[in-house]
Every structure is written in C-alpha cells, then in structure tokens.
Amino acid sequence: MSDASPVYELGPPRPLREKEAVLIRKLVSGTPFEGKVLRQLSETLVQDMPDGGMGSVHFCKTSSKERRLGKEIAEGSFRDADGVLVSVTLNLDQFGDLFELDIWKVDFSPLIGYPDTDDFEVINRHGRLGW
C-alpha cells in the first residue's frame, strides 16, 4: 500500500483510517467489547507496525502504565486484490483497551488494499469479558 508502514520501526502516531475502523467495527459487532471498543476508536491514535507493509497497527498508550498483549477478541479474513489470503486479528491489552489490529498476509507481501465490508469474513468472536 502506498501509505503502509516502514519496514523496521513503528510509524509516527496518526488517526485511525476509516477502512481500518470499518474492519474493527465489523469484528466487534455484537460482542461484549463493542461499546468500549467503539468509544475508543474515536479518540485513539495508532502507529503503523514494522510488518513489511501488511497494514498492522499498534494503538498508542492512553496512560503511562506499561502495556502488553492481553487477549485476542476477534479474527477475520479476506482476499487481497492479488487473491492472497489476509488474516486480521483484533487484540486488547491486559487492561482491556485496544492494543493492536494485526493484519497478516499469508505470503508476507505488502497489503494492496482493504476489503469492502461484504468481502471481509469474521471467523471468530471471543465473547467473554474475563481474562
């Protein structure tokens, strides 16, 4: 993608792109996480992750507390414009806040583009609030 991240370092903080937000909304739809995640989307900044341009983003800290991966709450997939399968996972930190949108193209090539909502399939939603 033309606006993909550099290969070796986190990009500068930026607002979430609408196409990223669309994927997240679809992933959390109907889950116990939906309300909190949707509130966070409007006020969060992200950084492009050093994933070779596949499109993963890390959600910037909202506090000074050290954060780590807490739990995967949803996963989905789509086919990129070149037909290659793309896996998408939404993760929270240990405090239940957005941590990362992990996008992995199975051949490790850069993402060409985000899918239309109808072309994005939610595979699994994890509905438990407990850790």
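Is phenylalanine 108 buried or exposed? With a relative accessibility of 56%, phenylalanine 108 counts as exposed, where buried means under 20% relative accessible area, exposed over 50%, and partly exposed in between (1.4 Å probe, protein chains only).

1. Basis of the note. This is a predicted model, in which local features need pLDDT of at least 70 and side-chain atom pairs count only at pLDDT 80 or more, while totals for chains, interfaces and linings use all residues. Residues are numbered from 1 along each chain as its sequence is written, and side-chain values use heavy atoms, with hydrogens and water left out.

2. Overall architecture. The chain contains two helices and seven strands, arranged along the sequence as β-α-α-β-β-β-β-β-β. Helices (H or I, at least four residues) and strands (E, at least two) are DSSP runs, numbered from the N terminus.

3. The chain has 131 residues, of which 45% count as buried. Of the contacts (heavy atoms within 4.5 Å) between residues at least 6 apart in sequence, 66% join residues at least 24 apart.

4. The structure holds nine salt bridges, a salt bridge being a side-chain nitrogen of Lys or Arg within 4 Å of a carboxyl oxygen of Asp or Glu. Side chains of opposite charge can pair when their charged atoms come close. One of these bridges joins arginine 14 to aspartate 48, at 2.7 Å from N to O. That pair links distant parts of the chain, with arginine 14 in strand E1 (residues 14-15) and aspartate 48 in strand E2 (residues 45-48), 34 residues apart. Both arginine 14 and aspartate 48 are buried. Glutamate 20 bridges to arginine 14, with the closest N and O atoms 2.7 Å apart, and also to arginine 17, where the corresponding separation is 3.4 Å. Through shared partners, salt bridges join Arg14, Arg17, Glu20 and Asp48 into one network.

5. Glutamate 20 counts as buried because its relative accessibility is 0%. Arginine 14 has a value of 12% and is therefore also classed as buried. Arginine 17, at 21%, is partly exposed.

6. Histidine 58. Histidine 58 lies in strand E3 (residues 57-59) and is buried, with a relative accessible area of 18%. Its side chain comes to 3.3 Å from the backbone oxygen of phenylalanine 99. Such a polar contact is a pair of N or O atoms within 3.5 Å; within protein, one must be able to donate a hydrogen and the other to accept it, and residues adjacent in sequence count only if both atoms are side-chain atoms. Leaving aside residues up to four places away in sequence, histidine 58 touches Leu10, Leu45, Val46, Gln47, Met49, Arg67, Phe99 and Glu100.

7. Two loop positions. Glycine 53, in the loop between E2 and E3, is buried at 4% relative accessible area. The C-alpha atom of glycine 53 is 6.2 Å from that of leucine 111, although the two residues are 58 apart along the chain. Serine 42 occupies the loop between helix H2 (34-41) and E2 and is exposed, with a value of 68%. A polar atom of the serine 42 side chain lies 3.1 Å from the backbone oxygen of arginine 39. Between the C-alpha atoms of serine 42 and proline 15, 27 residues apart along the chain, the separation is 8.8 Å.

8. Aromatic rings. Rings of Phe, Tyr and Trp (its six-membered ring) pair if their centres lie within 6.5 Å; planes under 30 degrees apart count as stacked, over 60 as edge-to-face and the rest as tilted. By this rule there are two aromatic pairs. Tryptophan 104 and phenylalanine 108 form an edge-to-face pair, with 5.8 Å between centres and 70 degrees between planes. Tryptophan 104 is partly exposed at 36%, whereas phenylalanine 108 is exposed.

9. A charge over a ring. The charged end of lysine 65 sits over the ring of phenylalanine 95, at 5.2 Å from its centre. The criterion is that NZ of Lys or CZ of Arg is within 6 Å of the ring centre and within 35 degrees of the ring normal.
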